[in-house]
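Have the coordinates open as you read.

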Amino acid sequence: MTHSPSLPHSLRRLSPWLLAVAALVVPLFVSNPAHLNFAILVLMAAQLGVAWNLLGGYAGQVSLGHAAFYGLGAYTSTMLLLKFGVNPWFGMLAGGLVSAAASFAFGWSCFRLKGHYFAMATIAVAELVQIVFTNWEYAGTAVGLYIPMAEQGWATMVFPDKLPYYWLALGLLAATLGATWWIERSHVGYYLRAIKDEPDAARSIGIDISRYKQIALSISAFFTAMGGSLYAQKELYIDPGSVLSTALSIKMALVSILGGVGTLFGPVVGSVVLTLIEEFTRVAFGGTGRGTDTIIYAALIIAIAVFYPTGLVGWWRERVRRRGLARPAATAPATDPVKPVLPRSTSQGGVL
């Protein structure tokens, strides 16, 4: 007897499409600039989490220095615009390529280490990059750089209202999700998961661990840098504290960890929760609550590690699985009753 898929399974298959439709119709119902800005922040945080997840989730390399790539993307596109008049669209692509190239030095120095030593090394590299830009006069030092609003429109990626930035953030998130989806289903994704789960076994069958970790890092750095370029165009101002801080690196990691590392839409879920926390602490505490969000981030990391190591997406999947196992037996497909087999009579030559 053939049965239709269960409702939770159907919803799981439809959830990506439901999220896409919801994202497309948000501008139709949200006109308040503050609310629209919140939606933009959610999309930008989700995009960074998805980019970080390529390395930290699929390859299992927890990086706490991704702000270095974010800042390189922001500074590359901004400096090309201010110093050479390069269009921001090309500047965004250039920022991604510069960060991807820089990731080779990043990986060469950090992939030699394992576990928490790798995470500590990534923090050190990001701090070094921040020091360089803080003292580099050509890049504006600690004062930062301003993007002029003389020319506005899609050609210059400068807009007087928030709606175009919403579409840009949504498009960049879709591109990052698409790249992750493709990698997840390619041989690179299978190799990365093997490296994460059983590195010794992966090495024994001939997988070049350093090579595939570097591939994940380069792609992750590319999309992280594009997110930094978009931030620069949205805010029209950058400085080392806003695009190169360690707190930003922690947020990228936590978005993915909270939602579910190694899952496609986990960072999207995590971004909604973390952005809500950020905005709540900003409104509730104002300037006196500086650093409160970081304290909450740390508490969330501890709580997730202890209670929900698979994140919110993993928790939800486990809950659906348990509900499926707990269904009453009456819902099981009916089977024909087993007919007893009688022994053959000895008069017919049978054996009892």
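The largest nonpolar core has 74 residues, and those with the most contacts inside it are Y75, Y166, L192, I238 and V243. A nonpolar core here is a set of buried Ala, Val, Leu, Ile, Met, Phe, Trp, Tyr and Cys residues joined through side-chain atoms within 4.5 Å. Buried means under 20% relative accessible area, exposed over 50%, and partly exposed in between (1.4 Å probe, protein chains only).

Some ground rules: residues are numbered from 1 along each chain as its sequence is written, and side-chain values use heavy atoms, with hydrogens and water left out. As this is a predicted model, local features need pLDDT of at least 70 and side-chain atom pairs count only at pLDDT 80 or more, while totals for chains, interfaces and linings use all residues.

- Two or more residues each come from α2 (33–58), α3 (67–84), α4 (88–110), α5 (116–134), α6 (163–185), α7 (187–197), α9 (209–235) and α11 (246–259); helices are DSSP runs (H or I, at least four residues), numbered from the N terminus.
- The largest share of this core, 13 residues, is supplied by α2.
- Skipping its neighbours within four places in sequence, Y75 is in contact (heavy atoms within 4.5 Å) with F133, A139, T141, L145, I238, D239, P240, V243 and L244.
- Apart from this core lies another one, of eight residues, including L274, I277, Y297 and L300.

**A buried loop residue**

- S245 sits in the loop between α10 (240–243) and α11.
- S245 counts as buried because its relative accessibility is 18%.
- Not counting residues up to four places away in sequence, S245 touches A67, Q130 and P240.

**Salt bridges**

- The structure holds four salt bridges, each being a side-chain nitrogen of Lys or Arg within 4 Å of a carboxyl oxygen of Asp or Glu.
- One of them joins the side chains of R203 and D200 (3.3 Å, N to O). The two are three residues apart in helix α8 (residues 199–204), so about one helical turn separates them. R203 is partly exposed at 46% relative accessible area, while D200 is exposed at 58%.
- K234 pairs with E235, with the closest N and O atoms 2.8 Å apart. K234 is buried, at 8% relative accessible area, whereas E235 is partly exposed at 36%.
- E278 bridges to K251, the closest N and O atoms again being 2.8 Å apart. This pair links distant parts of the chain, with E278 in helix α12 (residues 266–285) and K251 in helix α11, 27 residues apart. K251 counts as buried at 14% relative accessibility.
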